[in-house]
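This report describes a predicted model.

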Amino acid sequence: MEIRKLICNIFEENTYVMWDKRSREAAIVDPGMYRENERKALDDFIAAEKLDVKMILLTHAHLDHTFGLDHTKEVYGAEIIGHVADAPLLRDRQAQAKMFHLPYRL
């Protein structure tokens, strides 16, 4: 198992890419990419390593851990896995953004 950490967004959240060296199958953990350059850094890394993203894993659904969720789902089409108890947080990301006065549309 290989792991790469990317530090993302204004909260300096840790986003991880984990992958199997032989199969190249990968998971993105807590896709917190808020800025375009952060999304590009993740996408460039995945392309350079020739990874096949199979899962998007959420440790929890706070906004800083899910800024890049829509992007990763759209680009990689991977299954999103998180705890069912976090479903209300996931549905209410716009309200979370509003609490921090972030100009974020979800």
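## Sheet

Two strands are taken to pair if DSSP finds at least two bridges between them. On that basis, five strands make up an open sheet with mixed pairing, in the order S1-S2-S3-S4-S5. The edges are held by strand S1 (2-8) and strand S5 (79-81); each has a single partner strand, so one side of each is left without a neighbour in the sheet. From one strand to the next, the twist averages 25°.

The pairing of strand S4 (residues 52-57) with S5 is parallel and comprises three bridges. Ile56 has Ile80, in S5, as its bridge partner.

## Helices on the sheet

Helix H2 (residues 69-76) packs on the sheet, where it touches S3, S4 and S5. The direction of H2 makes about 150° with that of S4.

Helix H1 (residues 36-48) lies across S1, strand S2 (13-19), strand S3 (25-29) and S4. Relative to S1, helix H1 runs at about 165°.

## Positive phi angles in loops

Arg24 lies in the loop between S2 and S3. Its phi is near 70°, a positive value in a residue other than glycine.

Lys50 belongs to the loop between H1 and S4. Phi of this residue, again not a glycine, is positive as well, near 55°. With a relative accessibility of 67%, Lys50 counts as exposed, the cut-off for that class being over 50%.

Key
Residues are numbered from 1 along each chain as its sequence is written. This is a predicted model: local features need pLDDT of at least 70, side-chain atom pairs count only at pLDDT 80 or more; totals for chains, interfaces and linings use all residues. Side-chain values use heavy atoms; hydrogens and water are left out. Helices (H or I, at least four residues) and strands (E, at least two) are DSSP runs, numbered from the N terminus. Axes are lines fitted to C-alpha atoms, for helices over the stretch in contact, and angles run from 0 to 180 degrees between N-to-C directions. Contact means heavy atoms within 4.5 Å. Buried means under 20% relative accessible area, exposed over 50%, partly exposed in between (1.4 Å probe, protein chains only).
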